Amino acid sequence: MARIVVLTGAGISAESGLRTFRAADGLWEEHHIEDVATPEGFARDPELVLRFYNARRAAAAAATPNAAHRALARLEADGRHEVLIVTQNVDDLHERGGSRSLIHMHGALTGALCARCGHRWTAPAVMRVSDPCPACARPAARPDIVWFGEMPYRMEEIWQALRRADLFVSIGTSGNVYPAAGFVADAGHAGVETLELNLEPSAGSRLFDAARHGPATRIVPKWVAEMLGEA
Ligand code: OAD
């Protein structure tokens, strides 16, 4: 049994119709990161920020898991390997694709968080600035998403899993955002084998022991079939 930690990014959901961030037609071409993905941006213009994430939530709800999400779920369900998926994605396509062992390190569109008291609850389809927090009643509802300048969730758990893994696989991420972009080096230092599966070489591609390039719906199911001894 191999212990496998899989890091995923926007590229795994691209073929489900969800836009990535850094492509020529990506989300960060149309929106300024500092306006919609920082606590300061939210303090300045909460309506703009909620509108941005309401649109992301609607797009994610309309999308369906693709063959890459489903292949990872199949790898976990097979039981021959211990699989942990660490996703930077805020959509819920991994869980809808059947994955159970999953960490949303950048939070999730399905969650709401009170910016004043820290209470968490299930986000409605459309969040509004006037929404009161169910715990403290103040109108400070924000998406439960990790913004730039904030600490990603469950990092100790992730680093521990990385250190004790046999294999680290990075799928559909450009390798621009830390700490996730540093996982390949962390794994390498711990003697863990590393593999990149991405449309094209990522920023840190050279740091991986091996890399395969192509669309996730093609290369992820193929890799999973190999891991299960079918190919
Ligand atoms: P990016 O948009 O930076 O990178 C997406 C990667 O997926 C690129 O390397 C693409 O080449 C690759 N890709 C695109 N289509 C693909 C396909 N069909 N199959 C395989 N790979 C494909 O997205 P992330 O790396 O996920 O954080 O971005 C990381 C973080 O930056 C996000 O979680 C978000 C963003 O700012 C926050 O908002 C905090």
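**Figure 1. Arg154 in the loop between strand 6 and helix 8 (155-163).** In this predicted model, we start at Arg154, which is found in the loop linking strand 6 to helix 8 (155-163). Have a look at the backbone here: phi of Arg154 is near 55°, a positive value in a residue other than glycine.

**Figure 2. Ala137, a second residue with a positive phi.** Ala137 sits in the loop between strand 5 (120-122) and strand 6 (141-145). Although Ala137 is not a glycine, its phi is positive, at about 70°. Its relative accessibility is 55%, and because exposed means over 50%, Ala137 counts as exposed.

**Figure 3. The cis peptide bond between Tyr178 and Pro179.** Here the view moves to another loop. Which two residues does the cis peptide bond join? They are Tyr178 and Pro179, and omega is about 5°. Pro179 belongs to the loop that runs between strand 7 and helix 9 (183-189).

**Figure 4. Ser170 within strand 7 (residues 167-171).** Strand 7, which spans residues 167-171, is the place of Ser170. With 4% relative accessibility, Ser170 counts as buried, because the limit for buried is under 20%. What does Ser170 touch, leaving aside its neighbours within four places in sequence? Its contacts are Leu7, Leu195, Glu196, Leu197 and Phe208.

**Figure 5. Asn89 and the residues it touches.** Asn89 lies in the loop that separates strand 2 (82-87) from helix 7 (93-96). At 5% relative accessibility, Asn89 also counts as buried. Setting aside residues up to four places away in sequence, Asn89 touches Thr8, Gly9, Ala10, Ile12, Ser13, His104 and Gly107. Keep an eye on Ala10, one of these contacts, as this residue comes back in the next view.

**Figure 6. The ligand and the residues around it.** There are 23 residues around the ligand, and those that come nearest are Ala10, Phe21, Arg22, Thr173 and Ser174. By type, the shell around the ligand divides into 10 nonpolar, 10 polar and 3 charged residues. A backbone N or O atom of Ala10 is 2.8 Å from an oxygen atom of the ligand. In the side chain of Ser174, an N or O atom lies 2.6 Å from an oxygen atom of the ligand. For Ala216, a backbone N or O atom is 2.8 Å from a nitrogen atom of the ligand. On its own, the ligand has 800 Å² of accessible area, and the protein covers 92% of this.

**Figure 7. The two domains and the place of the ligand.** The protein chain is divided into domain 1 (1-18 + 65-106 + 152-231) and domain 2 (20-62 + 108-145). Their C-alpha centres, those of domain 1 and domain 2, lie 25 Å apart. To the contact between them, domain 1 gives 15 residues and domain 2 gives 13 residues. Why does the ligand lie between the domains? Both domain 1 and domain 2 give residues to the shell around the ligand, so the ligand lies between them.

Definitions and conventions
Residues numbered from 1 in each chain as written. Predicted model: local features only at pLDDT ≥ 70, side-chain atom pairs only at ≥ 80, totals over all residues. Heavy atoms only, no water. Helix = DSSP H or I, 4+ residues; strand = E, 2+ residues; numbered from the N terminus. Buried < 20%, exposed > 50% of the residue type's maximum accessible area, 1.4 Å probe, protein only. Contact = heavy atoms within 4.5 Å. Near = heavy atom within 4 Å. Polar contact = N/O pair within 3.5 Å; in protein donor to acceptor, adjacent residues only side chain to side chain. Areas by Shrake-Rupley, 256 points an atom, 1.4 Å probe, with all protein chains shown as cover. Nonpolar A, V, L, I, M, F, W, Y, C, P; charged D, E, K, R; others polar. Domains from an automatic or database assignment.
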